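Hello,

Here is the structure we talked about. Please open it alongside this note; my findings follow below.

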Amino acid sequence: LMNAAVAQGVKPAQIAQHCDSVSLCFSKGLGAPSGAVLAGCREFVTEAWRVRKMLGGGMRQVGVLAAAALRGLQHAEATLRRDHDNTRRFAEGTSGPLSIHVLDSPLWSIDLAAVETNIVMVDVQGAWPSPAELCDRLRAVSEEEVAETGQAVSVLLLPWSARTVRAVWHRDVSAHDTELARRKLEFVARKCQE
């Protein structure tokens, strides 16, 4: 909800007005260690409260968590905008022959029009590497990588489907981290093409 609101330049309430209920997680992009809020009609929230209690949910003295959630909400627009900018930079890559977004890449492509928030879906081309193999290569660090690039970088991405890898940015991924991830992807591309 918050990522969509920031990307569209609207208040979250403008999006949520079309929903019967809304759940908002305060961790991940907003940076709180945990916590969420649920909103809806009185009957819905009352039933959710009852089920939560029945299943043993609940915490005492959650003021510190609430303070972290409040801080995340107060800084959401700037934080999420930065995440979106980093995501866009990664997706656009460079203008070199191994650009991430080049549609005729022999290994993968990214639909830049689909990069709207903090998520990039990388479409893996051909039979090799598979999304799982690509993720394994991005996570692994080799002596060869350190010798060639002067650094060891491990990038954690998720094989999303049979032909897609999902990359997600959050408040703990800086512009520098984004550049390192982009370079690692280029390194892996070079090795796969060799």
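In what order do the 4 strands of the open sheet lie? The order is S3-S4-S6-S5, and the pairing is antiparallel. Please keep in mind that this is a predicted model.

First, the sheet. Its edge strands are S3 (108–109) and S5 (158–159). Each of these pairs on one side only. S5 and S6 are joined over 2 bridges, in the antiparallel sense. Look there for Leu-158, which stands opposite Arg-166 in S6. In general, strands of a sheet pair through backbone hydrogen bonds.

Next, the cores. The largest nonpolar core holds 26 residues. Trp-108, Val-120, Leu-134, Leu-138, Leu-157 and Val-165 have the most contacts inside it. At least two residues of this core come from each of these elements: helix H5 (76–92), strand S4 (119–124), helix H6 (131–139), strand S6 (164–168) and helix H8 (175–193). H8 gives the most, with 7 residues.

Is Asn-86 buried or exposed? Asn-86 counts as buried, because its relative accessibility is 0% and the cut-off for buried is under 20%. Leaving aside residues up to four places away in sequence, Asn-86 touches Trp-169, Val-173, Ser-174, Ala-175 and Thr-178. Leu-185 is 99 residues from Asn-86 along the chain. The C-alpha atoms of these two are separated by 15 Å.

Best wishes

Terms used
Residues are numbered from 1 along each chain as its sequence is written. This is a predicted model: local features need pLDDT of at least 70, side-chain atom pairs count only at pLDDT 80 or more; totals for chains, interfaces and linings use all residues. Side-chain values use heavy atoms; hydrogens and water are left out. A nonpolar core is a set of buried Ala, Val, Leu, Ile, Met, Phe, Trp, Tyr and Cys residues joined through side-chain atoms within 4.5 Å. Buried means under 20% relative accessible area, exposed over 50%, partly exposed in between (1.4 Å probe, protein chains only). Contact means heavy atoms within 4.5 Å. Two strands pair if DSSP finds at least two bridges between them.
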